[in-house]
Structure formats: structure tokens, C-alpha cells
Amino acid sequence: MTTAAIFLDRDGVINQDTGYVSHSDDFIFIDGVIGAMKQLKQKGYQLVVVTNQSGIARGLFSEDDFIRLTEWMDWSLADRGVDLDGIYFCPHHPTEGSGPETQVCDCRKPAPGMFLEAAQELNINLADSYMVGDKVSDMKAAEAAGVGHKILVRTGKDITAEGEALAEAVYPSLVEFAQNAADLT
Ligand SMILES: O=P(O)(O)OC[C@@H](O)[C@H]1O[C@@H](OP(=O)(O)O)[C@@H](O)[C@@H](O)[C@@H]1O
Ligand SMILES: [Mg+2]
Ligand SMILES: [Zn+2]
């Protein structure tokens, strides 16, 4: 059996994108998102985070730093009744940096790799799923993976005309999206 998922971009959707956030001291949940995530789980969706973390390739922080922050985020959410089903990240950048993570990959959005891996591992029906992001690359990655619904929110980077054209809908934040998303259960 497959189930639908809500794919969530991290920076600009879950937390304020102050630029390459790598420590819990700098991780600020956007108002209302934890409640919104809880509501989406109750509607029957899996919740899967898909995040580009080129700060690793750029040498701004290490993969261990990312994992430490991710564990903190995961526990902060679990404490508030939200269990994430999956967290996928891309540590690469095609040109920036000088270490092993500086490489062309198939996981950095707008490539669909993280979505396809999640779909395999978590038995996700991509056509019935949603991607909620703040950038054109989020919409393009979802499109390339065959995610049925592409949503932009205004809590991150400025929404461009290109982004608006690719998205099915634009909401002020994840809160309004969760209020409008259909029940699966
Ligand atoms: O929004 P998600 O995918 O969760 O994460 C994005 C971050 O890793 C950073 O990605 C960078 O893009 P580049 O990776 O430098 O193109 C910039 O957008 C930063 O402001 C942002 O903090
Ligand atoms: Mg983002
Ligand atoms: Zn990658």
C-alpha cells in the first residue's frame, strides 16, 4: 500500500531562513508551523523533509553539525506531538567548496533525487503528494519527481513570477496551507 506525503522544504518553510542555519541557537520555528504539521499528520499524510544543505559542501558547517541540528529539530517536533516520517538532505554543491561534497549530484533540488529515494523507502504515492517550498528549485524538483501538487509559501525567499507560474497555489505560510489541505483519513 502506498500513502500520500507532504514534502516540506526546511529553510523558509519550517524555520526562518537566515542563511545556512547550522545550530539550534539560530533555528527559529516559523509561527504556527508545528501546529500545522500536526494537523497535516492528522489528515493522514506522511511528513517528509527535503532540504538542500550546500553549507556542507561550502565548508560552512560539517555533516555532523547538520545531523546534530536535525536531531534537535526532530526531538523538538516530537515533544510537540509531531513525528516526522523522513528527513532527506543534499550536502552537495556543483561548484562551491573544495571537498568531496563539491560534485554534481542527483539530489540537489531542482533535481528529484531526494523525493525519489523517499518514495521508494516510505512507499509514497507521489502523484497524490504535495511539495511545500519557498523557491523555484523546490517546485522544479517536485515537478521532476512527479509530485502531484506544488505549493509555495511566503515565509522564505521572495516569490518570483516563475515560481508563481509553477505552483498550484501560494499561501502566506504552512499554517494556511494546512487549513486548506484535504483530509485523507
Ligand atoms: O530551503 P532548504 O532547501 O531547506 O535549505 C536551503 C539552505 O540550505 C540554504 O540554501 C541556500 O541556497 P544554495 O544551496 O546556496 O543554492 C540559500 O537559499 C540559503 O539562504 C539557505 O539557507
Ligand atoms: Mg527553502
Ligand atoms: Zn546532492
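Which residues does the UniProt annotation "active site" cover? In the unreviewed entry, the annotation covers Asp-9 and Asp-11; such annotations may be inferred rather than shown by experiment. This is a predicted model, in which local features need pLDDT of at least 70, side-chain atom pairs count only at pLDDT 80 or more, and totals for chains, interfaces and linings use all residues. Residues are numbered from 1 along each chain as its sequence is written, while chains are lettered from A and ligands numbered from 1 in the order in which they are written.

Asp-9 lies in the loop between β1 and α1, and Asp-11 is placed in the loop between β1 and α1 as well. Helices (H or I, at least four residues) and strands (E, at least two) are DSSP runs. A residue is buried if 20 or more other C-beta atoms, placed from the backbone, lie within 10 Å of its own. Contacts, which leave aside neighbours within four places in sequence, require C-beta atoms within 7 Å.

| Residue | C-beta atoms within 10 Å | Contacts |
|---|---|---|
| Asp-11 | 23, buried | Asp-17, Val-21, Thr-51 and Gly-156 |

The residues around ligand 1 (C-beta atom within 6 Å) include Asp-9, Asp-11, Asp-17 and Thr-51.

In helix α1 (residues 33-42), Val-33, Ala-36, Met-37 and Leu-40 are buried. Seen down the axis, the directions to their C-beta atoms fall within an arc of 100 degrees, so these residues line one face of α1. They pack against β1, β2, α2 and α6. Just after α1, Gly-44 has a positive phi of about 105 degrees.

Note on methods
Buried ≥ 20, exposed ≤ 12 C-beta atoms within 10 Å, placed from the backbone. Contact = placed C-beta atoms within 7 Å.
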